[in-house]
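Me: Could you take a close look at the metal site for me? I'd like to know what holds it together along the chain.

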Amino acid sequence: MSNKLIYQKHLIDLTRDDLVHKLRETLSDSRFKHVLRVEKTAIALANKYNVSVEKASIAALVHDYAKQRPDEDFIKTIKDKKMDQDLLNYGNAIWHGIVGAELIKTELGIWDEDILNAVRHHTTGAAIMTTLEQIIYMADYIEPGRDFDGVEQARLLTNQNLSSGVVFQTKQTLEYLIENNRSIYPKTIETYNAWVAK
Ligand code: DGI
Ligand code: FE
Ligand code: FE
């Protein structure tokens, strides 16, 4: 299915094959395979929830584009683009989506804000997310390579009702971060307040 997908060239000036080859060179083998599984999952959700399959494919393929960049690249981008300086208190886990979206613009020539927001918010979520953003957030979490307690329930919920999947992941992730004494990026709390808190 996805290998027959022909990009219409209005979102990215590359064929899907070109983009896949670029990612194969950029990412580790395991990260590259994860990205392809996220794409497959995102395309299925796009069909189910009536979102552009081309947007879902592109957003999924590039969502971890910056994951293996050195910290210096992110720090330089945060400073050059005058992004929120609080970002400097975090690390790759937060940077690769939010700051990675800036690298995707200039290096891959993707300027569609829906795709860019799907990349920006794929780790932390956001208080308000388009259907595409919710799809990428969930596809990253439930792709078939994921294996953690609760993943089956997350898959079930997401296929029944996309937003109930978002609620589930948001709560699970915050619990996980607290359990492991990790710092919580404010956007993660905003997502929790908007989606989970009564
Ligand atoms: O890039 P992936 O591994 O495919 O998945 P991801 O981008 O969803 O998550 C990357 C990591 O980010 C994951 O271990 C959970 C972590 N994370 C999510 N929200 C926060 C966070 N880490 C911190 N410190 N703070 C957060 O708010
Ligand atoms: Fe990621
Ligand atoms: Fe990912």
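Reply: Along the chain, the donors of the iron ion (ligand 2) follow the spacing D-x31-H-x25-H; donors here are N, O and S atoms within 2.8 Å of the metal (3.2 Å for Na, K and Ca), and with water not among the atoms, sites may look incomplete. The protein donors are Asp64 (OD), His96 (NE2) and His122 (NE2), lying 2.1 to 2.2 Å from the ion. Helices are DSSP runs of H or I with at least four residues, strands are runs of E with at least two, and both are numbered from the N terminus.

This is a predicted model, where local features need pLDDT of at least 70 and side-chain atom pairs count only at pLDDT 80 or more, while totals for chains, interfaces and linings use all residues. Residues are numbered from 1 along each chain as its sequence is written, chains are lettered from A and ligands numbered from 1 in the order in which they are written, and side-chain values use heavy atoms, with hydrogens and water left out.

Asp64 also bridges the iron ion (ligand 2) and the iron ion (ligand 3), which lie 3.6 Å apart. Both Asp64 and His96 are buried (under 20% relative accessible area, with exposed over 50% and partly exposed in between, using a 1.4 Å probe on protein chains only). Over residues 31–145, the chain is 64% helix and 0% strand, with the end C-alpha atoms 11 Å apart.
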